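Welcome! Take a moment to look over the chains before you start, and try each exercise yourself before reading its solution.

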Amino acid sequence: MRVNVTVNGEPRQADDVWEGESLLYALRERLGLPGSKNACEQGECGSCTVYLDGQPACSCLVAAGQAEGREVRTVEGLADGERLDPVQEAFVECGAVQCGFCTPGLLVTAHDLIARTADPSDAEIREALAGNLCRCTGYETILDAVRLAAARKERV
Amino acid sequence: MEFLRPVSLAEALEARAAHPDAVPIAGGTDVMVELNFDHRRPAALLDLARVPELFGHSTVDGRIRIAAATPYARIIDELGDRLPGLAMASRTVGSPQIRNRGSVGGNLGAASPAGDTHPALLAAGAEVEIASTRGIRRLPVEEFYLGVKRNALEPDELIIAVHLEPASGPQQFSKVGTRNAMVIAVCAFALALHPKHRRVGTGIGSAAPTPRHAPAAEEFVAGELPWDRPVPLADSLLRRFGELVAEAAAPIDDVRGSAGYRRHALSVLARRTLTWAWTEYSCV
């Protein structure tokens, strides 16, 4: 089937989508957006997190057909052209990236947290990131990065 | 595979009747796992995410009606004050991403004994609203669970809502797992005090082929609680309540825990939740 979906602000069309296929697969394999990562395929790891109509969701658990007519924002859509989003900058500065596989999902989740919550407490950060696994055990620097991005946003 | 995309409840029921072998999908948090892992290849997917009647909540005859596909995140944000037990259980589901998509209707449809909201639905005396082109029926939730991942839906029916009395007393939910997030319950327990009727509701999860009440525990504690004189509860009462809850379970040994551990943990959860709920009752 054909799926029409707005991705990162642009109307896109995916053809030959299998009816049981995930939005994650369609994004990566049909729309050329490999930023969202495929790890667990069961909603445990959060590496495939995207915004779906403004809300973070595991794109592996959304049927591609369910995205018809909806708005998707992936990690590729966080930066403004060449300018990284403050959350991305903070991850770079804090060294919150080891192997990098969990990073796209964490960026989307952290982006959402900071958009919704001014000055998040550590408990709020941990709760918000609870669905994103990092197996390099890089959580301390990830928390640093989220705190830094949140603090910068406060100042703006 | 077909992808059916109704945009109204009437269309969804027509599609369900015409395609009894279709698998309904809303948030997708259970169904997509089965598809991704090749555990299921249904003839069709029936996408319910575009059916406006399946989202939102309202008050009907003094009870709260939650449309089946309303995500957990909305139950937590919008109904936490009136349905604290269900909101607590909803908070323990998966992660924020999962709670943005998953719904009580999906929990009921999957009918896993480990579904997080079942104990809270049981304790609160919820009813399930079921529809088909033949009409609408309502079923007490305890009659909805038939076995492991089996429920009372006919092939042409859809779960369209749950109905619950707004809390008339303290409610609690507690769950055992290896961490706070992303955990399938080793066992879970929900409790609701109904002071007006001098009744106590209970719900056991993940410790029997279906979610179930602990009727003997409910009867015992409703009779023993000092409703008019809310003093701290005697240890003997709490222990007996815990024993009766554990006796109501029929757990198995599996990868998540042994039957013996589950029975013990349930007796602890029962004591704790009753203590918390009674403390709240005493302070009001």
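The exercises below concern a predicted model, and each comes with a worked solution.

**Exercise 1.** Find out how chain B is divided into domains, and what separates their centres.

*Solution.* Start with the bounds: domain 1 of chain B covers 54-164, and domain 2 of chain B covers 171-283. Next, take the centres over C-alpha atoms; they are 20 Å apart. Now turn to the contact, to which domain 1 of chain B gives 24 residues and domain 2 of chain B gives 27 residues. Together the two domains bury about 1,800 Å², with 67% of that area coming from carbon and sulfur atoms.

**Exercise 2.** Which side chains form the salt bridge between the two domains of chain B, and which elements line the domain 1 side?

*Solution.* First, the count between domain 1 and domain 2 of chain B is one salt bridge. Then look at Lys175(B) and Asp116(B): their side chains meet at 3.0 Å, N to O. This passes the test, because a salt bridge needs the nitrogen within 4 Å of the carboxyl oxygen. Between these domains there are also seven residue pairs in polar contact. On the side of domain 1 that touches domain 2, α4 (84-91), α7 (118-124) and β8 (145-147) of chain B each supply at least two residues.

**Exercise 3.** Decide whether Gln88(A) is buried or exposed, and list what it touches.

*Solution.* Begin by placing Gln88(A) in helix α2 (residues 86-94) of chain A. Its relative accessible area is 11%, so Gln88(A) is buried, the cut-off being under 20%. Finally, leaving out residues up to four places away in sequence, Gln88(A) touches Val75(A), Leu78(A), Ala79(A) and Leu107(A).

**Exercise 4.** Describe how chain B meets chain A: how many residues are in contact, and which side chains form the salt bridge?

*Solution.* Count the residues to begin with: 29 of chain B are in contact with 34 of chain A. The area buried between these chains is about 2,400 Å², and carbon and sulfur atoms give 53% of it. Next, search for charged partners; the count is one salt bridge, formed by the side chains of Glu127(A) and Arg99(B) at 2.7 Å, N to O. The interface also holds 15 residue pairs in polar contact. On the chain B side, β1 (2-4), α2 (31-36), β3 (44-47) and α5 (96-99) of chain B give two or more residues. To finish, sort that side by class: 14 nonpolar, seven polar and eight charged residues.

Definitions and conventions: Residues are numbered from 1 along each chain as its sequence is written. Chains are lettered from A and ligands numbered from 1 in the order in which they are written. This is a predicted model: local features need pLDDT of at least 70, side-chain atom pairs count only at pLDDT 80 or more; totals for chains, interfaces and linings use all residues. Side-chain values use heavy atoms; hydrogens and water are left out. Domain bounds come from an automatic or database domain assignment. Contact means heavy atoms within 4.5 Å. Buried area is the accessible area (1.4 Å probe) that two parts lose on being put together, summed over both. A polar contact is a pair of N or O atoms within 3.5 Å; within protein, one must be able to donate a hydrogen and the other to accept it, and residues adjacent in sequence count only if both atoms are side-chain atoms. Helices (H or I, at least four residues) and strands (E, at least two) are DSSP runs, numbered from the N terminus. Buried means under 20% relative accessible area, exposed over 50%, partly exposed in between (1.4 Å probe, protein chains only). Ala, Val, Leu, Ile, Met, Phe, Trp, Tyr, Cys and Pro count as nonpolar, Asp, Glu, Lys and Arg as charged, and the others, Gly among them, as polar.
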